[in-house]
Amino acid sequence: MRAERHFLTGICSWITLCSALLLFFGQCALAQIRYSVPEEVRDGTVVGNVAKDLGLDVSSLGERRIRVVSETNEAIFAVNVDNGALYVHGRIDREQLCQGSGACLMELKVLVENPLEVHYVVVEITDVNDHAPAFLEKDQLYEIAEHTLPGTRFPLHSAHDPDAGINSIRTYILSANEHFDINIRESDGEKTPVLVLKKSLDRENKNEHFLVVTAIDGGKPQKSGTLNVTIVVLDINDNKPVFGQEVYQISISENVEVGTVVYKINATDLDESKNGEVEYRLRKTLHRKIYDVFELDKATGEIRVKGKLDYEDGDIFRLDIEASDKGTPPLTGECRVVIQIIDNNDNSPEIDVTSLSNTVSEDSKPGTVVSLIRVKDKDSGVNGKIIAHITNNVPFELKPSYKENTYSVVTKDFLDREEVSNYDITIKATDCGEPPLSTTKTLSIQILDVNDNSPQFEQNPLYFYIVENNVSGTSLFSVTASDKDKNENADISYSIARTGQEKDVALFLNVNAENGQITALKSFDFETLKSFQFQVVASDSGTPSLSSNVTVHVFILDQNDNAPVILYPVSSNGSAEGVEEIPRNVNAGHLVTKVRACDADIGYNGWLLFSLQQVTDHSLFGLDRYTGQIRTLRSLTETDEAEHKLVILVKDNGNVSLSATATVLVKVVEPREAFAASDVKSSTKDSEDTNVTFYLMITLASVSALFIISIIVLIAMQCSKSSTDYTSKYLQDTNYDGTLCHSIQYRSGDKRYMLVGPRMSVGSTIVPGSQANTLVLPDRRRPSEEVRQ
């Protein structure tokens with residue numbers, strides 16, 4: 001129905017087209033011719049004469065341009081314009097043009113112009129037997145058990161032939177044999193070969209069969225293709241593996257290495273191939289430990305050591321072993337292997353700490369129990385006999401308990417944490433095996449502190465030097481103590497010991513309890529107080545608290561805070577003024593008077609220098625800058641004035657000099673008047689000079705003696721000190737001034753030194769230029785002035 005409908009639709013379409021073309025060309029030819037031609041014919045083979053069959057004028061074919069219109073790029077057919085013959089113009093392959101076994105038809109359009117005519121020609125391509133049957137695979141394998149029943153069918157590969165009709169596959173044939181036959185199964189026009197077992201197989205007689213299946217088509221001549229079929233006869237599993245004996249007895253040492261083969265079992269199977277291949281395995285119902293210690297090679301039957309053997313954990317192992325073939329179903333044989341373990345001394349002693357106190361107080365008495373230990377050995381007999389002792393030199397020892405292999409670690413001496421704060425006790429346990437094995441264990445013991453050490457100062461007493469006029473509330477110096485204990489037993493607090501007396505200088509001092517900083521609550525005055533001492537108490541925080549005292553000697557150093565005071569001349573109203581009379585006939589160098597002054601300060605601060613600030617005649621009077629003596633520089637003449645005013649400035653040598661002035665009025669009188677006045681003054685001066693000379697001699701003798709003693713002490717100190725000490729003791733600092741009134745000065749080379757008192761504390765940093773008990777003084781005098789002084 002579909003072909004007819006298609007054909008009718010085509011006819012109607014061409015009728016419509018011809019009607020339209022008739023309007024332009026006047027006519028339309030409608031005709032259909034059918035030809036037949038075999039495939040694979042040569043080019044140029046004539047199929048039929050189209051011009052004759054269509055009734056066309058052969059002579060006008062060239063003018064009318066007759067041709068075959070192809071719907072594909074390759075034109076298989078063409079028309080000869082000379083005679084109108086339709087011929088083959090290319091290779092015709094029916095299998096390529098038309099697949100299947102039905103009729104292969106090609107519809108051609110023959111077009112003629114002037115007037116336009118379209119004719120349809122149908123060409124049937126007939127099949128030629130140009131293909132042989134072929135199997136997709138050349139070989140086929142079947143494994144058939146020898147117990148397979150006759151009549152069992154086995155499908156074979158089908159052959160393929162692209163030819164159609166009688167040229168396609170007609171039948172299959174099987175090579176001659178006594179066990180198999182072949183049947184052909186047809187379905188949807190396709191023939192499929194089936195191999196049929198017609199006689200039982202026997203593997204022992206013949207284990208393989210080789211067959212050839214041939215596919216033949218119906219062409220003339222016939223063509224064929226072959227398939228090689230291999231039949232493998234499978235064995236029947238009718239024999240189980242058999243061991244040589246049911247029970248195997250072996251012995252091995254417990255120190256064998258892991259991986260050692262201890263035994264190899266063997267089972268035989270009379271079957272062949274997989275039915276005769278034996279695999280070994282341990283029975284799954286064995287104790288788990290056996291699987292941890294031993295392993296069985298399933299292919300070779302070798303029993304290997306898998307884990308470490310230990311006689312103490314087990315001296316005998318029973319292995320149930322199964323041997324299975326690979327048949328279907330598999331058959332199994334069984335045996336038992338009994339392995340006896342031989343004991344060796346392979347276990348070292350073990351040390352267990354049953355009770356351990358990691359700490360012990362340093363005041364513990366000898367015999368105090370620190371720890372309990374227990375030693376053990378898995379070996380037995382002599383191999384399990386243990387001797388234990390402490391190997392290192394510590395104040396501890398082992399005391400055996402009433403129970404065997406149990407010991408107490410006790411102290412054997414008094415302990416001192418300050419010497420050793422912790423001990424590592426090494427305990428060694430050795431068994432009596434051959435060779436002996438031993439084990440060591442270290443116990444770490446911490447010594448607990450006891451407050452058995454009081455705070456200590458580095459030296460006692462301490463010496464410090466401070467400068468007077470200090471600011472109230474500022475830190476003067478600090479004291480430091482140390483404690484050999486630790487934690488709260490070494491936590492030191494400082495306090496000042498109070499005497500309770502009303503004039504106790506310590507009442508004006510305060511100490512920082514944490515760092516030992518000493519603070520003055522008032523300002524000190526050297527002229528009032530030159531030194532004092534007090535005690536500082538250092539106490540720890542232990543229970544009970546321990547303490548120690550240190551005596552602190554404080555020396556107050558002078559500052560230039562006092563101006564010079566004029567002792568002479570002094571007038572009746574207290575001012576520094578005086579009148580001196582000299583005769584006019586005095587010679588040069590005559591002593592007019594001597595200005596006397598003193599300074600409460602010491603050292604350079606009290607070292608006074610005199611100078612003329614004002615004088616009426618500079619050529620007449622001169623002033624000694626060190627002694628304060630006023631002398632005439634020349635003889636007086638008649639022209640010199642009768643009265644002269646001298647203003648003398650007296651200043652000290654402090655960093656910031658302080659000064660005072662004295663005024664002397666010198667009256668020049670005639671010699672007679674001067675003698676009378678001089679007699680009175682001379683008597684007074686002689687008395688004063690005598691007293692002053694006496695006191696000066698005493699002072700000079702004392703200073704000389706003290707100087708000699710100081711030089712001897714200094715030499716002794718230098719002999720006992722290293723060269724490094726010498727340099728550090730005498731610092732080249734020129735910021736300090738001394739005085740002859742309160743100290744001893746001496747010169748060494750180009751430096752001047754002054755001994756100022758007892759040895760200074762190392763922590764005294766208040767006085768610049770001082771170290772120990774020696775101060776380096778600046779050299780402010782010129783060489784000529786030193787000679788004069």
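How many bridges join strand 36 to strand 40, and in which sense do the two strands run? This is a predicted model, and in it three bridges link strand 36 (residues 475-478) to strand 40 (residues 517-520). The two strands run antiparallel.

Val511 stands opposite Ile518 of strand 40. Strand 39 and strand 40 form a hairpin, with five residues between the strands. In this hairpin Gly516 takes a positive phi, near 75°.

Now turn to another part of the chain. Three strands make up an open sheet there, in the order 19-23-22, with antiparallel pairing. Strand 19 (261-264) and strand 22 (294-296) stand at the edges. Each has a single partner strand, so one side of each lacks a neighbour in the sheet. From one strand to the next, the twist averages 20°.

Strand 22 pairs with strand 23 (residues 302-305) in the antiparallel sense. Three bridges hold this pairing. Within it, Glu295 stands opposite Arg304 of strand 23. In a regular strand, side chains alternate between the two faces of the sheet.

How far does the confidence reach? The protein chain averages a pLDDT of 80, and 83% of the residues score at least 70. Over residues 1-31 the pLDDT is below 50. Beyond near neighbours in sequence, that stretch has 25 contacts in the model. Residues 721-789 also have a pLDDT below 50. Beyond near neighbours in sequence, this stretch has 171 contacts in the model.

Notes: Residues are numbered from 1 along each chain as its sequence is written. Side-chain values use heavy atoms; hydrogens and water are left out. Two strands pair if DSSP finds at least two bridges between them. Helices (H or I, at least four residues) and strands (E, at least two) are DSSP runs, numbered from the N terminus. pLDDT is the predictor's confidence in each residue, from 0 to 100. Contact means heavy atoms within 4.5 Å. Axes are lines fitted to C-alpha atoms, for helices over the stretch in contact, and angles run from 0 to 180 degrees between N-to-C directions.
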